[in-house]
Amino acid sequence: MKRSEINDIMAAADDLIRSHGFNLPGFAYWTPDQFKAKSDTARHVIDARCGWDITDYGEGRFDEMGLFLFTLRNGLLSDLQKGGGMCYAEKLLISRQDQLSPMHTHVIKAEDIINRGGATLVVELFGSDDDGNFAEDKGGTVWLDGVRHDYGAGEKLSLAPGESVTLRPGDWHAFWGEGGDVLIGEVSTVNDDETDNIFREPIGRFAEIEEDVAPRHLLVSDYAKWLG
């Protein structure tokens with residue numbers, strides 16, 4: 001993806017988020033130089049990889065297969081492992097109309113996926129085999145607004161604004177906006193996007209960036225290069 005495209009996506013996403021009554025935290029609007037200057041006191045933001053995240057999954061087709069994310073807060077894997085402390089994470093996502101977030105699951109993370117506003121969010125579900133691999137003939141169990149729902153292989157849930165689904169490790173899922181763009185909330189256990197996204201197809205989690213202009217704001221995938 002070109003950096004200019006990423007900058008434009010950030011601006012459009014910020015507008016959509018505000019239109020639904022949400023506001024991003026202050027660090028969302030730091031310039032790269034401001035982030036560098038604050039990198040000591042903002043160490044948790046950096047280490048927890050909070051902030052902007054825009055991906056085309058390395059395929060170069062963002063409008064067809066991609067996702068906007070902003071990690072608002074994220075806990076510590078060490079706390080999760082010891083069973084106490086900051087064991088949670090929260091994100092805002094945007095699925096554009098017919099924009100696929102491809103089939104994947106998580107090994108550690110359980111998550112609530114919430115339609116915060118906009119159009120319909122479609123979530124396609126498959127279960128796992130005994131080894132946790134994708135199983136095209138198996139279903140499983142999720143919770144819709146806290147109510148148990150046993151799903152069949154390939155079932156598609158349609159979530160209207162305000163509705164949610166709780167997914168656990170082993171629930172394979174893909175999702176997209178139907179009838180328009182969707183603002184999504186994600187509340188989960190500690191999030192590790194570098195190691196805890198298992199895709200059905202051999203694709204990448206992060207975009208390759210062509211630096212045609214300067215960054216408007218840093219992506220979480222920029223932190224290692226820009227901030228150390």
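How many residues lie between β7 and β8 in their hairpin, and which residue in the turn has a positive phi?

Analyst: This is a predicted model, in which local features need pLDDT of at least 70 and side-chain atom pairs count only at pLDDT 80 or more, while totals for chains, interfaces and linings use all residues. Residues are numbered from 1 along each chain as its sequence is written, and side-chain values use heavy atoms, with hydrogens and water left out.

The hairpin formed by β7 and β8 has 2 residues between its strands, and the turn residue with a positive phi, of about 50°, is Asp145. Strand β7 covers residues 140-144 and strand β8 covers residues 147-151, strands being DSSP runs of E with at least two residues and helices runs of H or I with at least four, each numbered from the N terminus. The two strands run antiparallel and are joined over 5 bridges, where pairing asks for at least two DSSP bridges.

Ile198 counts as partly exposed because its relative accessibility is 31%, partly exposed being the range between buried (under 20%) and exposed (over 50%), with a 1.4 Å probe and protein chains only. Leu77, which lies in helix α4, residues 77-82, is likewise partly exposed, because its relative accessibility is 37%.
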